[in-house]
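Colleague: I'd like to learn how to read a few features of a model with you. Could we take them one at a time?

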Amino acid sequence: MAVRACDGAGFLAAFRSAVANLEAHVDEVNALNVFPVPDGDTGTNMLATVRAALDEADRAGPDADAAAVAHAASFGALMGARGNSGVISSQILAGIAEALAGKRRFNGLDLAHAIDTGSKQAYKAVARPVEGTILTVIREAATGAVEAAERDNDLVSVLAATVEAAERSVARTPSLLAVLREAHVVDSGGQGLFRLLEGALEAARGRAATAPTAVGAEPSADPVGAPARQDVAAADRPTTASDETAYGYETVYLLRPRRGRALDVAAIQAHLETIGDSVLVAGDEHMVKVHVHNLRPDAVIAYGLGLGLLSRITVENLDGQAQEVREARVAAFIGVGHAIPAMVGGAPAIRSAGGHEHALDERDPGALPAMRLPFGVIAVAPSEGLATLLTDVAAHVREYGVFRIVHGGPSANPSTGELLAAIEATPADELLLLPNNPNVVLAARQVASMVDCPVHVVATRNCAEGVAALMELDPAASPSENAAAMSKAGRALQTMQVTEAIRDATVSGTRVRKGQTIVLDPDDGLLAVDNDPEKAVLAGFGRLSPGFGLVTIYYGEDATLEAAESLARRIQAAAPGLEGVELAHGGQPHYRYLISAE
């Protein structure tokens, strides 16, 4: 069953499972640190970080929404982060919290955007990012998440794709980093991240991971065929011969500004890079966590004292740690180095027969000509994304009718013949036909007069109106009653389409220049024009009738999820009384955004 939304309680349960899964594999991750990592064992560091995050998230309370849980987890991770891998993990959580800010619940697209924001935040925290580390894994996992979310907004599908991408990314880290390749190992920081994501997925599938009992617990064994893994935990540290002989000291502290002041994170990082290595500065203007390797910890502490108040100060002798790690683990390293098996499986992409029809269930309506149902629905859609959305909305009639998509839209309108073929192939006594484009309405009405069975044209002008119409469909009502109710529902929705002018022109009495963003109403009347796309959309909203509470943005093939999220925030900020601004991946051509207000 598809999972379309997750609230604060669901987020907390998934995060708890993620932490438990890492804890179950912490010995595995620690055992893979064959390189003498100065700031401790990767698994232990990451586990301490996410445990602190979970403790803080628990304090948010059982009724906390998704944004509150994410913010609490981010703060807990910042305060409890240990080691470079822990700091990077905390920044991933900080990015997730930033993306989920203001959301009571989230869907697959929201989750993908949050993971992507976490990836970007993690990269920003590292002075000199090196590929082949945990950074690569979170970036490629985020890419997998976004691609999956734009195909299917189901949270489980998005998480499954994220986990698969993370596992594949871990497997290829040796090809990106010579120190891993030469040792025949993969990055254990990335492996730890994979275990976290895997645990979250298990919770989403209804089988949450549980932490092992501490007493008498045996270390996790390496899976058959799994290689030794190494954490290049200082993801920004190049490996040199000097790494084997002298590390100096590791200095870590929390820094808060003096009253009335703000911290400049970039400036702090820039200065510390002049006096040390492996610099990580994580946080914001209100608080940062500093991590530096150098030979003069007193200089690092003195600099912090000059900016504000310090707490949780630790100074460690890295040379001693490195020697202990070498002596304790060099024997375990000898002879280890198997090839990692390629991942097999995962959720396959599901496409309907021919790529042009979406049945409401597993039956292909065209393959069952003898099985006739009381009514059917045919909808025109310009993209796979919008076709999937329409099909999902129409799923409530699966026991009573049949549903078919005809592909077509701007510059590719279906012909009368194509509509006629779709009608003849749909085994239903009566049909409802949604053109979802003003330029298809005439062809729809023409084909309705050419067939023997009753065809009721619901004159929807775009797919947003089509969604509203389908939501009004009542299987218990007659097709003619449904046609009237669906037409009314579609027209009650206020919509606008956003595109770019391809030439100079005058539209609705307004001069438009090539390249400007134009916002059109459903009948192609000009609502707004501006050089800035977001300003144009906001101006378009000013032309709508007041009283709407929910806005949906269907972003097209020329828009990115990040840009759509930015626009959603601008709309919400401009109209704080809105119930919400939701995103959906339409993938439609030509129109960057199709926006509805209801």
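Colleague: Is aspartate 524 buried, partly exposed or exposed?

Modeller: Burial is read from relative accessible area: under 20% is buried, over 50% is exposed, and partly exposed lies in between, using a 1.4 Å probe and protein chains only. Aspartate 524 has a relative accessible area of 39%, so it is partly exposed. This is a predicted model, in which local features need pLDDT of at least 70 and side-chain atom pairs count only at pLDDT 80 or more, while totals for chains, interfaces and linings use all residues. Residues are numbered from 1 along each chain as its sequence is written, and side-chain values use heavy atoms, with hydrogens and water left out.

Colleague: Where does aspartate 524 lie, and what is its phi?

Modeller: Helices (H or I, at least four residues) and strands (E, at least two) are DSSP runs, numbered from the N terminus. Aspartate 524 lies in the loop between strand E14 (517–520) and strand E15 (526–530). Its phi is near 70°, a positive value in a residue other than glycine. Histidine 590 also has a positive phi, near 75°, and lies in the loop between E17 and strand E18 (593–597). With 41% relative accessibility, histidine 590 counts as partly exposed.

Colleague: Which residues does aspartate 110 touch?

Modeller: Contact means heavy atoms within 4.5 Å. Aspartate 110 touches Leu100, Lys103, Arg105 and Glu565, leaving aside residues up to four places away in sequence. It lies in helix H6 (residues 108–125) and is buried, at a relative accessible area of 6%.

Colleague: And what do burial and contacts look like for the whole chain?

Modeller: The chain has 20 helices and 18 strands, and 54% of its 598 residues count as buried. Among contacts with a separation of 6 or more, 74% join residues 24 or more positions apart.

Colleague: How many residues does the largest nonpolar core have?

Modeller: A nonpolar core is a set of buried Ala, Val, Leu, Ile, Met, Phe, Trp, Tyr and Cys residues joined through side-chain atoms within 4.5 Å. The largest one here has 94 residues, and Ile553, Tyr593 and Ile595 have the most contacts inside it. H7 gives the most to this core, with nine residues. Another core lies apart from it, with 26 residues, among them Phe375, Leu432, Cys463 and Ala464. As for tyrosine 593, the residues it touches include Met496, Val498, Ile553, Tyr555 and Leu567, not counting residues up to four places away in sequence.

Colleague: What covers the buried residues of H14?

Modeller: Start with the residues themselves: in helix H14 (residues 384–393), the buried ones are Gly385, Leu386, Ala387, Leu390 and Thr391. Their cover includes strand E7 (373–381), strand E8 (401–407), helix H17 (463–472), strand E16 (550–555) and strand E17 (580–585).

Colleague: How should I read a pair of packed helices?

Modeller: Two packed helices are described by the angle between their axes and the distance between the axes. Axes are lines fitted to C-alpha atoms, for helices over the stretch in contact, and angles run from 0 to 180 degrees between N-to-C directions. Helix H3 (residues 42–59) and helix H4 (residues 66–80) cross at roughly 140°, and their axes come within 7 Å. That makes H3 oblique to H4, given that angles under 35 degrees count as roughly parallel, over 145 as roughly antiparallel, 65 to 115 as roughly perpendicular and the rest as oblique.

Colleague: Which hand does the crossing of H3 and H4 have?

Modeller: A crossing is left-handed if the near helix is turned anticlockwise from the far one by less than a right angle, and right-handed if clockwise. H3 passes H4 in a right-handed crossing.

Colleague: What about H19 and H20?

Modeller: Helix H19 (residues 533–541) and helix H20 (residues 561–574) pack at about 40°, with their axes 10 Å apart. H19 is therefore oblique to H20, and their crossing is right-handed. On the H19 side, Glu534, Lys535, Val537, Leu538 and Phe541 take part, meeting Ala563, Ser566, Leu567, Arg570, Ile571 and Ala574 in H20.
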